[in-house]
Amino acid sequence: MVASYPPPWLFPVCRASSASSWVAMAAAMAASRSLRDLLMRRLVAPTPQGLSLCLRPLSSAAQDEASTAAPREAPGHSYESLRVTAAQKHILHVQLNRPEKRNAMNKAFWREMVECFNKIAQDPDCRAVVISGAGKVFTAGIDLMDMASEILQPQGDDVARISWNLRNLITRYQETFSVIEKCPKPVIAAIHGACIGAGVDLITACDIRYCAQDAFFQVKEVDIGLAADVGTLQRLPKIIGNQSLVNELAFTCRTMMADEALASGLVSRVFPDKEGMLDAAFTLAAEISTKSPVAVQSTKINLIYSRNHPVTEGLNYMATWNMSMLQTQDIIKSVQAAMEKKELKSITFSKL
């Protein structure tokens, strides 16, 4: 709705104004109308090429999109421990792909996840990611047989050098999951069966978590003689907001079942089986992918920044961020679609 001119609150001032004031006021109103007209011209600009009208609700359109596209191998993503497919337009599916080993995380995995998500972060076609596990479980955690030599026999001539090398090793492992958080594209974890040890580190770095009814979670590190060191102890308390529960899980390594994970806030939805969960995850990813990539990726970056900073710092960062991002054409396209009662799926947003 466009405001009337002059606005009602201005009338008392108008009555007290001199003739010269009326002239100045008229000029100001004319300038305001000019600005309004400029905005309206931008909003009703010719429809971008390829824009089409779709009368179905967004969620229905996203569901159709999610169910039609056949997955294909994503170009540039060839790995030993992962399988990356282009599930549908703008969506990549990253699978932990060692089903014969219960998707245990070997040396290749820790290296390949960083390579994979660094590529995804720079991929202008990708707008959302789903992570799942191939086979019967999400992941059994670290592949101790494969990793033992690095963890238990670190290189170095003395305590200082051994410690230095161990610290470098730990920080490299931490980056394996931090890279998910740093990726500006929203990442949805779809969990079924076991999610143990480093699997919890992985999913806590994701933006959204869905699980099947058979999923269960264990912070397992204490049972193998160490404190979890690649993200669980730092991220889990901020996700579920219950330090007592986090302490209980971390000290005892007890199993958290799907219903408790939902009640605690670790996951946002639980589904009867893996197939239904994956369908829902891809439907969600499809809906996210219809939004402005400038808006979505800006939102993720600022949510993470604000989680780690006081409110005043988060607001200051947001103001600095949006002083450039508000100049995007995506706002004009989105407002135009709303005025024309078109759904966002019909908009062609530029790559980012």
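The model is a predicted one.

Start with the cysteines. A disulfide needs two cysteine sulfur atoms within 2.5 Å. By this rule, the structure has zero disulfides. Take cysteine 195, which is in no disulfide. The nearest cysteine sulfur belongs to cysteine 206, and it is 9.3 Å away. For cysteine 206, the closest cysteine sulfur is that of cysteine 195, too far for a bond. Are these residues buried or exposed? Cysteine 195 has 0% relative accessibility, so it counts as buried. Cysteine 206 has 6% relative accessibility, so it counts as buried too.

Now turn to the rings. A pair of aromatic rings is described by the distance of the centres and the angle of the planes. The whole structure holds seven aromatic pairs. One of them joins phenylalanine 109 and tryptophan 110. Their centres are 5.7 Å apart, and 85 degrees lie between the planes, which makes the pair edge-to-face. Phenylalanine 109 is buried, at 3% relative accessibility. Tryptophan 110 is buried as well, at 5%.

Phenylalanine 109 also pairs with phenylalanine 177. Here the centres are 6.3 Å apart and the planes meet at 55 degrees, so this pair is tilted. The pair links distant parts of the chain, 68 residues apart. Phenylalanine 109 lies in helix H4 (residues 107–121), while phenylalanine 177 lies in helix H6 (residues 159–182). Both phenylalanine 109 and phenylalanine 177 are buried.

Step back to see the wider group. Ring pairs link Phe109, Trp110, Tyr173 and Phe177 into a cluster.

One more ring deserves a look. The charged end of arginine 269 sits over the ring of tyrosine 210, 5.7 Å from the ring's centre.

Notes:
Residues numbered from 1 in each chain as written. Predicted model: local features only at pLDDT ≥ 70, side-chain atom pairs only at ≥ 80, totals over all residues. Heavy atoms only, no water. Buried < 20%, exposed > 50% of the residue type's maximum accessible area, 1.4 Å probe, protein only. Phe/Tyr/Trp six-rings, centres within 6.5 Å; stacked < 30°, edge-to-face > 60°. Helix = DSSP H or I, 4+ residues; strand = E, 2+ residues; numbered from the N terminus. Lys NZ or Arg CZ within 6 Å of the ring centre and 35° of its normal.
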